[in-house]
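Dear colleague,

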Amino acid sequence: MCNPSFTGRTAFGLLFGSALLAASAHAGSVVVGTLSPFPPSFTAPALTLPLQTKPLHPSVPGSALIIARHGDTGQQIADAYGVEVSALSPSRTGALPEGAVLRVSFAALPENSAGVLPPSVSTYLVQSGDTLAGIAAAHDLSVTELLSANLHLETLNKLSVGESLFVPQSGAGLLVRIKTGQSVQSLVKAYHADPAQVALANGFGLPNERRVGDYLLLPGVLATGFQQQLVARQERQEQAERQARVQQQYERFQAYRVQVAQERQRATQAQYERYLTWQKQVQQRRLAEQQAVQTQYQKYLAWQHSEARQQLIEKYAAQAQFEAAQQAARLQAQTLARAQAKSRQLNTVRAASTAQSQNAQDLSWPLRSFRITSRFGERDIEFHKEFFHGGVDLAAPYGTPIYAAAGGTVTRSGYGDFGNNVYVENGNAVIIYGHMSRLGVSAGQTVQRGQLLGYVGCSGVCTGPHLHLEVRLSGQAVDPLGLLP
């Protein structure tokens, strides 16, 4: 036995097929890229409608994008959608270029009855703590599928407790409300929906079972751009709120600045009044000081010509003469003592130099070619001003060979007080060769006069390649030039 409901749905599918074929035969049509109630950013399948149809209106304010075809005029498109030409953007009545894009703006129609819901759509009341993602997951839907059935939502994250949401139970799709001038057939054709699936999802046999104001579920059609539009709207709202907060903060800041300026003005006035009081006190104090100075000066004039002052002058003059004589005697004694000490020191150095000369048979020059740049005790550079220069500096090119000025035993060979240096000891005499670039002998080695010790460099505290030659007799540095030929 046949199922009447199934038979009716089959007849509905055949009727839809005939209607689609008949409608596609009309010439002179428009293509709608977006139909209200969707936002302008929502992209639906292309809709081909004959211009000689009943006006198509949404039930809520919105707009549609129209692509003109050859021969279309602005007046024809306005008549097809039941609006004035002024509702077109751009607004024009004459012929339109093929491919021109227009936007049709709709006004809201009066509200009608609550409308009949398809049997495959249920109503869910929002509970405390619910979110779109949570509700969608609880009903095995994606957020896009849940939004496609609730095009009235204006935000993604603000649901009111007790608010009603439409939830498809089987076969997600686009839930639209039939508007004046629309029919089931026109909506199925517009969104390229499957008539059989539409009939099954909405539970009717004939298309005329749905009236204006009823809901129609179009399975397989999703508002893919609706979520992005809500996100963009939410971002705009948040930006507006941020701007409002910034403006409020700016107004508070301006009020604070005015308050601070007033307080500063009051403080400045108070400070100025204190300054005037202080200035008056200063003037009074200066006047008192001037009077005291004048009184003291008068006392000084009287004392200057007094007999007591003359007696003090004579007393101080005699005292100064006595102290000058005492100072001259002390200076003479100190000068004599220094001269005697210096004489004894020179005699000691000469004796030591003579002994060393006899012991070392004098010195020979350690370099074959050189230039004397700093002498014994000279203060020619900052380092020599801080530390006594106990030798002579012989400038020569980097790497020039250095020879022993006298024979002896190498007691040190390595980095020390004078960079890379070599100490050669002979009796009570020590000869130091400093600032070498490379060493040619090692500690403990016995060298002869003229033997290679190393090479000229600039190691340690140095201003240029040279050899620091220093001679110490019994630990006392002496001028090497007095021992060299």
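Among the elements, the lowest mean pLDDT, 30, belongs to strand β1 (residues 29-34), while the highest, 97, belongs to strand β12 (residues 401-403). There are also two stretches to treat with caution: over residues 108-113 pLDDT stays under 50, and the model has 11 contacts beyond four places in sequence for them, and over residues 356-361 pLDDT likewise stays under 50, with 12 such contacts. Where pLDDT is low, the predicted coordinates should not be read in detail.

As for the protein overall, its secondary structure consists of nine helices and 19 strands, and 34% of its 485 residues are buried. Of the contacts between residues at least 6 apart in sequence, 67% join residues at least 24 apart. The exposed surface comes to about 28,500 Å², of which carbon and sulfur atoms supply 54%.

The second largest pocket has a volume of about 420 Å³. Its lining is made of 24 residues, and F383, H384, H389, H435 and H468 are the ones nearest its centre. Two or more lining residues come from each of β10 (371-374), α9 (382-386), β11 (392-395) and β18 (466-473), with β18 giving the largest share, three residues.

With best wishes

How values were computed: Residues numbered from 1 in each chain as written. Predicted model: local features only at pLDDT ≥ 70, side-chain atom pairs only at ≥ 80, totals over all residues. Heavy atoms only, no water. pLDDT = per-residue confidence, 0-100. Helix = DSSP H or I, 4+ residues; strand = E, 2+ residues; numbered from the N terminus. Contact = heavy atoms within 4.5 Å. Buried < 20%, exposed > 50% of the residue type's maximum accessible area, 1.4 Å probe, protein only. Areas by Shrake-Rupley, 256 points an atom, 1.4 Å probe, with all protein chains shown as cover. 1 Å grid on protein atoms, 1.4 Å probe; cavity = no way out; pocket = protein on both sides within 12 Å on 5 of 7 lines; lining within 4 Å. Points joined across faces, edges and corners; volume = space filled by probe spheres on them.
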